[in-house]
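Thanks for passing this one along. Here are some notes to read with the model open beside you.

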Amino acid sequence: MKTLTDSRLRHSGTTMDKKRDSGSEDDESSMCSCAAIKRSVIYYLKNSTLHGLKYIAEESITIPERVFFGIAFVLVVILSGFFISNVYVKWSASPIIISTSAKQKLTSNMPFPAITICNLNQAMLSKVDRISRTSTNYSLLMGLCDQGGDTTISYIGTWKYFKAILVEVAQPCEKMLLYCSFGSREEECSLLFTSILTDDGLCCNFNALDPSYLIRNYSDDVRWEPAQPNMRYEPIDWTPEKGYARKLPEFYYPRTSGGTGIRMGLTVVLNASIAEYYCTKSMSVGFKVLVHNPAELPKVSNYGFVVTAGREARIPIEPVYEDALPTIRSIKKSVRRCLFSDENDLAYYRTYSRKNCELECEAKLLLRECRCVLYYLPRIDPMARVCGPNDNACTDRVQTEIESSLTNLSCESCWPGCFELTYKATLSTSSIVSDPRFQAGENLPNYLFHGPYSNASEMSILHFYYMSNIFRSTTKSEMFGFTEFLSNTGGLLGLFMGFSIFSVIEIVYYITVRPYCASRTLQQRHHRRLEQLLWLTPVRVPARRLVRRHRGTLTRNLPPPPAYSDLEMRRRKMSGKSEPKKRSLWQTLQVRPVNQEDVEPPVYPYLD
């Protein structure tokens with residue numbers, strides 16, 4: 001009975017081993033089959049951290065219940081996708097927010113605004129009378145005054161000739177400016193103001209950047225006046241984005257404000273010279289004034305305000321500074337709608353601003369449409385001719401289309417700068433009283449009212465000043481950055497499905513790591529099984545291959561290994577047992593009780 005039980009156990013163990021081997025072979029052959037994929041999906045559904053998936057693979061509930069949870073999960077995914085799409089639209093449509101800066105800025109860290117003053121008279125009558133009506137200079141003068149003149153005159157209006165005629169007929173700054181003071185200190189007007197070319201002719205400018213820092217390809221012919229080497233104030237570079245340098249000279253320009261109020265601001269007394277009026281773009285006498293950024297060229301004709309002669313004007317100024325955080329650089333230009341200084345280099349100007357870009361754009365469009373450039377626009381092409389009176393029809397059409405922005409001739413590509421400095425200016429005026437009995441409170445010299453230019457009807461007094469020495473800037477920053485988008489998306493997914501970053505790691509694991517590990521395990525199991533089979537199965541190597549493998553060694557002269565019978569006889573001799581008698585066929589087949597002492601274990605030479 002015991003023997004029968006042992007034989008059954010051996011048979012069952014052999015059967016289990018065979019089943020295990022066959023099962024491993026089936027797993028190996030069906031690892032990439034549909035059944036294996038199905039088992040992996042079910043395992044993922046049962047062990048996933050996403051809410052609701054384990055009920056779909058639960059075998060203890062009915063199929064309708066599984067379908068219910070499957071539909072619910074799909075609906076939850078669709079609903080979360082809808083809300084995430086709303087978040088994405090908000091993120092992509094309005095990623096920029098303009099907020100008021102928490103810190104106040106000082107006006108002493110910003111340059112005092114550049115101030116351009118133009119006499120409404122563009123040419124002095126006494127100088128125009130000297131020009132022949134049939135000369136090229138007179139035709140250029142008509143182009144300056146926007147008069148048709150004689151359109152039959154054919155000439156090539158070059159910048160050299162136009163500069164000469166402007167200097168000849170315009171009112172010089174030393175005759176227009178009678179008195180100047182800045183920061184409660186009287187100074188020579190020639191040290192404060194320089195000549196500048198605008199769309200209103202030759203004007204006088206205060207506190208603008210030096211042309212060497214304003215124009216990219218600077219040359220001396222750009223200056224209207226020769227540079228004075230012994231000037232008290234040294235020109236320096238400044239941009240709205242970089243600001244001033246850390247180390248500054250004692251006296252420099254663009255200057256900063258010394259304080260607030262009229263006394264610490266800029267005060268100028270102007271002479272209109274009404275008797276010299278020849279042509280003007282308005283129907284009055286006086287001056288046109290524009291307060292602007294020191295790094296921009298002014299366009300006085302369209303944006304300047306008028307101060308008539310015989311009036312005193314107070315012009316309080318408020319700076320408006322806009323900056324941006326570096327994080328918005330990652331946002332597309334078409335979305336943030338502003339440019340940094342290194343993102344759109346201009347051809348003529350060194351510093352980018354919307355006004356400078358528009359001036360270059362207007363010059364390019366006029367050069368393309370009319371084959372000429374107006375005298376005050378950037379000279380992108382040095383060989384381009386200056387537009388004359390016979391080009392007025394073309395230039396007027398192009399300028400009208402540019403300003404209307406309704407046609408193809410527009411400068412919509414000129415976006416605002418991410419760093420911009422502008423100024424708000426208000427104007428209040430009153431009449432100048434020159435009665436000697438009137439005691440004026442202004443600290444102005446007496447020669448202004450009792451000298452050769454004492455006619456109050458031709459004088460204008462202007463005061464430019466800050467109302468406060470602190471102001472708040474506005475900052476462009478990310479309203480909805482990638483971090484906010486990720487947190488909102490994660491919150492929605494976590495609310496609806498319990499989704500987290502670890503859920504993504506799980507999906508990656510079940511797609512990549514788990515199949516790789518299963519394949520590697522099967523390969524190792526197959527390799528071990530092959531090693532076992534090679535160990536149990538004798539392998540005879542051909543003599544030729546053996547000789548070839550051990551060529552040059554001593555194994556070539558070794559005798560062949562002993563046979564199995566010789567090994568058994570040697571073992572019996574060493575143990576002292578006699579050789580068993582040979583049994584007959586009947587004795588071998590005869591069934592008799594097994595005596596464990598008589599049964600000798602088989603001898604395997606590879607186990608010895």
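1. Let me start with strand 13 (residues 311-324), which runs antiparallel to strand 15 (residues 428-431) and is joined to strand 15 by four bridges. Arginine 311 has serine 431 in strand 15 as its bridge partner. Please keep in mind that this is a predicted model.

2. Strand 13 also pairs with strand 14 (residues 420-425), in the antiparallel sense and over six bridges. A handy pair to look up here is proline 319 and its bridge partner in strand 14, tyrosine 423.

3. Which strands run parallel to strand 13? One of them is strand 16 (residues 459-466), joined to strand 13 by seven bridges; isoleucine 317 stands opposite tyrosine 466 of strand 16. Another is strand 17 (residues 470-478), with three bridges to strand 13. There, glutamate 322 has threonine 474 as its bridge partner.

4. On to the cysteines: the count comes to eight disulfides. Among them is the link between cysteine 180 and cysteine 189, with an S to S distance of 2.1 Å. Its torsion about the S-S bond is about 110 degrees, so this disulfide is right-handed. Both cysteine 180 and cysteine 189 are buried.

5. Cysteine 361 and cysteine 411 form another disulfide, S to S 2.1 Å, and this link is left-handed, with -95 degrees about the S-S bond. Because cysteine 361 sits in helix 13 (residues 354-369) and cysteine 411 in the loop between helix 14 (392-404) and strand 14, the pair ties together parts that are 50 residues apart in sequence. Cysteine 361 is buried at a relative accessible area of 16%, and cysteine 411 is buried at 12%.

6. Do have a look at cysteine 370 and cysteine 394 too, a disulfide with S to S 1.8 Å. The link is left-handed, with -90 degrees about the S-S bond. Cysteine 370 lies in the loop between helix 13 and helix 14 and cysteine 394 in helix 14, 24 residues apart. Is cysteine 394 buried or exposed? With a relative accessible area of 19%, cysteine 394 counts as buried, because the cut-off is under 20%. Cysteine 370 is buried as well, at 8%.

7. Cysteine 517 is partly exposed, at 38% relative accessibility.

8. Finally, the surface: Ile63, Val67, Ile71, Val74, Leu75 and Ile78 make a nonpolar patch of about 580 Å². Valine 67 belongs to helix 4 (residues 63-93) and is partly exposed, with a relative accessible area of 43%.

How values were computed: Residues numbered from 1 in each chain as written. Predicted model: local features only at pLDDT ≥ 70, side-chain atom pairs only at ≥ 80, totals over all residues. Heavy atoms only, no water. Patch = residues over 30% accessible without salt bridge, like charges linked within 9 Å, V, L, I, M, F, W, Y side chains within 5 Å. Areas by Shrake-Rupley, 256 points an atom, 1.4 Å probe, with all protein chains shown as cover. Salt bridge = Lys/Arg side-chain N within 4 Å of Asp/Glu carboxyl O. Helix = DSSP H or I, 4+ residues; strand = E, 2+ residues; numbered from the N terminus. Buried < 20%, exposed > 50% of the residue type's maximum accessible area, 1.4 Å probe, protein only. Pairing = 2+ DSSP bridges. Disulfide = S-S within 2.5 Å.
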